[in-house]
Amino acid sequence: LPLVLPLLGFGVAAAGLWREFSQLRQTRHRLTHQLRESHEATVLGHRVSIMSDDSCFAYSLPRRAGGIVLSRGAVASLSPAELAAVLQHEEAHLRQRHHLLLALLGGVTHYFRRVPLIQAVRDAVPHYLEIAADQSAKRVTGTAVLAGALLKLGTSAGIAGDAHARSAVLHAAGSERVRLLIGAPRPPASTALAVAAGAYTVMLLTAIVSVNTPYLLAVVAGC
C-alpha cells in the first residue's frame, strides 16, 4: 500500500501532464493558424511575426510554434529603445524555456489544485516568470525604458478572453510589475507566501522519501 499510493499520485500527475500538453498543443495550433495572417520581419536583430493589429501587444510562443509576436500597433507606439526592451523580455522567455516550465507546472498540479498552497503556486509562478524576464531585459536596456514599455503594452483581445491561450503564451504586459521593477519594497504577504510554499514543498518531499525508501529498498533487495 505505501508503494501503491505514490504510484497512484504519479499516475494522476502523468494524466494531468497529458491533458495539459494536449490542450496546449490545440491552442498553439490555433494561434499558429492565426499567425498565417502575419508577416515575418527582422526587428532590431530579432526574427518576429508582426500581426496586422493596431492595438499594442507583444507575446511569445515556443520557437517552433511562432516565437516572438508583435502587433503593428506595438511597432508604431514603442520607441526603438522600448521595442528593444520588449524584444529582450520575450527573448528571455524563450531562452529560459518558461513555456515548458509553465506547462509542466500546470500539468503536474492540475488534479491537485485543491491541495493547500498548490493553487497559490499555480497563480504565482507565471507572475514570477514575467518578473524573471523583466530582470533579464532591464540588465540590457535599463529599468526606465522597460517600465515605459510595460506601461504602454496591453494584452490582445483574443488572448485576454481565453484561459488556455493565456497559458500558451507569455507576454510583456502588466503595469502591476512596474512597482517591483523600479525597486519598490516587496509586499510582506509575497515573502510569506514564498517561504510557506518552499517549506511546504520540502516537508512534503521529505515525508514521501522517508516513508517510501525502506519499501523500495526491500523490493529491490527481493525481500
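**Exercise 1. Find the residue just after helix H5 that has a positive phi, and describe the helix.**

Solution. Glycine 142 is the one to click on: just after H5, its phi is about 95 degrees. This is a predicted model, where local features need pLDDT of at least 70, side-chain atom pairs count only at pLDDT 80 or more, and totals for chains, interfaces and linings use all residues. Numbering runs from 1 along each chain as its sequence is written, and side-chain values use heavy atoms, leaving out hydrogens and water.

Now step back into H5, residues 118-141. Helices are DSSP runs of H or I with at least four residues, strands are E runs of at least two, and both are numbered from the N terminus. H5 has 24 residues and reaches 35 Å from first C-alpha to last, close to the 34 Å expected (1.5 Å times one less than the number of residues).

Next, look at alanine 124: H5 has a kink of about 25 degrees there, shortly before proline 126. The bend is the angle between axes fitted to the seven residues ending at a residue and the seven starting there.

**Exercise 2. Which rings make up the aromatic pair, and how are they arranged?**

Solution. Searching the whole structure gives 1 aromatic pair. Phenylalanine 57 and tyrosine 59 have ring centres 6.0 Å apart and planes at 10 degrees, so they're stacked. (Phe, Tyr and Trp rings, the latter by its six-membered ring, pair with centres within 6.5 Å; planes under 30 degrees apart are stacked, over 60 edge-to-face, the rest tilted.)
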